[in-house]
Number of protein chains: 2
Amino acid sequence: MIRILTDHAGRMTHRSGRAIDIRHVVVRDPARARRTELPAGVVKTDWRAAVNDPQVDVVVELMGGTTTARDAVLAAIAAGKHVVTANKALLCQYGHEIFPAARAKGVCVAFEAAVAGGIPIIAAVGTSLTGNRIESIDAILNGTSNFILSEMLGQRRSYGDALADAQALGYAEADPTMDVDGTDACQKLILLTQLAFGFRASVADALRHGINSIELQDMLFAEDLGYRVKLLASARLSGRQLEMHVQPTLIRCERDIARTNGATNIVELRGDAVGRLILSGAGAGELPTASAVVADLVDVAIGRAQLTFPMLDLWEQNPDLSLMPSDQFERRYFLRFNVLDRPHVIADITDVLGRHGISLASVIQRETPEQPEDTAADPSVPLVIMTHRTTEGSLRAAEAELAQLAVISAPHIRMPVAD
Amino acid sequence: MIRILTDHAGRMTHRSGRAIDIRHVVVRDPARARRTELPAGVVKTDWRAAVNDPQVDVVVELMGGTTTARDAVLAAIAAGKHVVTANKALLCQYGHEIFPAARAKGVCVAFEAAVAGGIPIIAAVGTSLTGNRIESIDAILNGTSNFILSEMLGQRRSYGDALADAQALGYAEADPTMDVDGTDACQKLILLTQLAFGFRASVADALRHGINSIELQDMLFAEDLGYRVKLLASARLSGRQLEMHVQPTLIRCERDIARTNGATNIVELRGDAVGRLILSGAGAGELPTASAVVADLVDVAIGRAQLTFPMLDLWEQNPDLSLMPSDQFERRYFLRFNVLDRPHVIADITDVLGRHGISLASVIQRETPEQPEDTAADPSVPLVIMTHRTTEGSLRAAEAELAQLAVISAPHIRMPVAD
């Protein structure tokens, strides 16, 4: 980011209508910040240096985390400084403090880099689509989990091996929990939901499942059926109710979302005027993030952000909408059971599903090779069922009964199918 | 557009920071404008009513054409009114008058709807990607020609039949010349080139070929080779030279541009920070266009457009860049000759190509069924050649010689292959 501002200072000054001077670069470890292009004395280790400097107009927060970052951002706002941040976790958790404080102080908080890296999705939803009633958002917002899923299918790797690859290549952190359990994608979805629907939600409000229980065989069964498995983040208006979920989802192979591989992000929006609009690009990385941060910085420098920010009503609540209870979500489902290879198994399972009003669209059970009686091979075989449309509630009730069946030998897999 | 402003007046007022009142709706035929939602007396037939009204702040020009539209836009600017327009032809042809006049008068001209319909590409290139040095733009910007090409391949139709379909379905006008000869796409490319590279070009500056000589067989040969044929609009930096062209181009089947069918538009940008960014959506139509016009109108109403517009330096010239002469364009080419089925034909053609330094990557000549001697069947057969990289200049020189060969029985087809 600093390189963009210094290497292209002339262009940045022109686009901003004023020069952007870097007065403080606050780092944890100054030894790692020896950048020749920085003037002497700019590198600091205490964020208060920036926040307390009366000549500073804008504080860019890129430290991550929600403790020091919260202190620094709230202090910057209290000191009358605009804030540019890439910190979705901070905004999700403390948006209820940060956004009202900024409005009260007459400063703005810009966060293009917090969602989908270099893709200008905040600008698109916040300003360009202002003439639209947004109807739905379907997106891949977490590059790490998408890299892992792409690697599993492309290289025929297990989840564990693909995760290890992602860590070795720097696509996943040592602790990948927030990426693979859907938390990171969910935080980004919550920011988009605020902008698109004026609806304030928290991570706990969205139905959320991670990718860590998905096996390669599930992806191959899905492929056979014409689908790819993606960690889909989705928010959708249904009358006055909003459906929100982040979960591994089957998406028809030919759709752009299904074809988005590696660390790429994609956002598919539907608006009542614009119709279907798709944006895709690098969802993370130093330079794509810098592209978004610089856009925000120029927006603040020239004064556009100050006009936009108060109109977005961030972290206020749209009184016309409510969250749809997840029991009412209605879709088709992919189910994979590990069952004992005995007579009546399919009948037993379909009987339970049928009693909950769930009918089957297709069933896959492959012939298993005859095993010699004395091998200790796992006697269970996969049984894959695609259901017709049903509700999440009906499925949950059926699952509670299925858990009692002795013929099912392990936890089953279930993924919704995107419309 | 009027429906968006009236049906969602509350939201528009909020996002604009002020109410947007429709004071005049100027139409050619008032009988066709009987909209119940319009207050009495709003519909006029003379644009001067709007331009001369001191209470009007913004004039939205959606009439098309370059005669009356030019008068109206220049008069509006002279009267100190901001202009929102979807008229790419007007801006390309008279941008040198319109943009300086607007800057001198302190008003702005916003034109999101002029390129790629509802896709917010002007906002993306003009503001969101401001931290980037844009390296290339590859795009499908004309929905009519893309619909025709998709229809040809999908329905195995001839160009003429697909054009007739497009006209019957309202995707093509009675006179489709500007769409199918690449003029419309070229005008849009010129607007993007201005924003992305600060480079002022005219339609005559870009190498331009239309789709009207492409036959279904060319698309099928391309498909066999792993490519789709698309009317690609492309601008690309090569050092300090800018390559610009609009022509039917072979694009690898798996690329997003190749997979964009029907009237959809797509823009693929590369920036030095953001990397590859793709936007796609409806490129035309009343509602997608309205989405873009309303975004501009709100931008003007709230004052963002007034901040952005002067910084864009529209229709000034970037002195660091020059246009690359088309002779120097370097790519691979798809060539299809209709040749007499005689010995030495391939040798004769490859000999000419070879003398111009053009080497072949692949050749397709299919066995032809034996014809009874007495049929009047066309004795010529298609010969398809894919070349290795060569320059447009070398190819032109070779083509001049090839035109002398008696074994070639008709004008040949040539299309570049996208990298």
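Trainee: Which strand does β11 of chain A pair with, and in what sense?
Mentor: Strand β11 (residues 275-282) of chain A is joined to β11(B) by 5 bridges, and the two run antiparallel. Two strands pair here if DSSP finds at least two bridges between them. Strands (E, at least two residues) and helices (H or I, at least four) are DSSP runs, numbered from the N terminus.

Trainee: Which residue is the bridge partner of G281(A)?
Mentor: L277(B), in β11(B).

Trainee: Before I go on, what kind of model is this, and how is it numbered?
Mentor: This is a predicted model, in which local features need pLDDT of at least 70 and side-chain atom pairs count only at pLDDT 80 or more, while totals for chains, interfaces and linings use all residues. Residues are numbered from 1 along each chain as its sequence is written, and chains are lettered from A and ligands numbered from 1 in the order in which they are written.

Trainee: Back to the two chains. How many residues of chain B are in contact with chain A?
Mentor: 39 residues of chain B are in contact with 39 residues of chain A. Contact means that the C-beta atoms, placed from the backbone, lie within 7 Å.

Trainee: Which elements of chain B give two or more residues to that side?
Mentor: They are α2 (9-16), α6 (121-128), β11 (275-282), α12 (286-302) and α13 (304-311) of chain B. By class, the side of chain B that touches chain A has 21 nonpolar, 15 polar and 3 charged residues. Ala, Val, Leu, Ile, Met, Phe, Trp, Tyr, Cys and Pro count as nonpolar, Asp, Glu, Lys and Arg as charged, and the others, Gly among them, as polar.

Trainee: Why do you say the copies meet through the same surface?
Mentor: Because 100% of the interface residues of chain B are also interface residues in chain A.

Trainee: New topic: the sheet with β3 in chain A. What is its strand order?
Mentor: The order is β3-β4-β5 (chain A), an open sheet of 3 strands with parallel pairing. At the edges stand β3 (58-61) and β5 (109-110) of chain A, each with a single partner strand, so one side of each has no neighbour in the sheet. Strand β4 (residues 82-85) of chain A pairs with β5(A) in the parallel sense over 2 bridges. V84(A) has A110(A) in β5(A) as its bridge partner.

Trainee: Which helix packs on that sheet?
Mentor: α12(A), which touches β3, β4 and β5 of chain A, its direction making about 165° with that of β4(A). Axes are lines fitted to C-alpha atoms, for helices over the stretch in contact, and angles run from 0 to 180 degrees between N-to-C directions.

Trainee: And at what angle does α2 of chain A pack with α12 of chain A?
Mentor: Helix α2 (residues 9-16) of chain A and helix α12 (residues 286-302) of chain A pack at about 45°, with their axes 8 Å apart. That makes α2(A) oblique to α12(A). Angles under 35 degrees count as roughly parallel, over 145 as roughly antiparallel, 65 to 115 as roughly perpendicular and the rest as oblique.

Trainee: Which residues meet there?
Mentor: M12(A), R15(A) and S16(A) in α2(A) meet V298(A), A301(A) and I302(A) in α12(A). The contact has 4 nonpolar, 1 polar and 1 charged residues.

Trainee: Last one. Which strands pair with β15 of chain A?
Mentor: One is strand β13 (residues 330-340) of chain A, antiparallel to strand β15 (residues 380-387) of chain A over 7 bridges. R336(A) has V384(A) in β15(A) as its bridge partner. Another is strand β14 (residues 360-364) of chain A, which pairs with β15(A) in the antiparallel sense over 4 bridges. V363(A) stands opposite I385(A) in β15(A).

Note on methods:
Contact = placed C-beta atoms within 7 Å.
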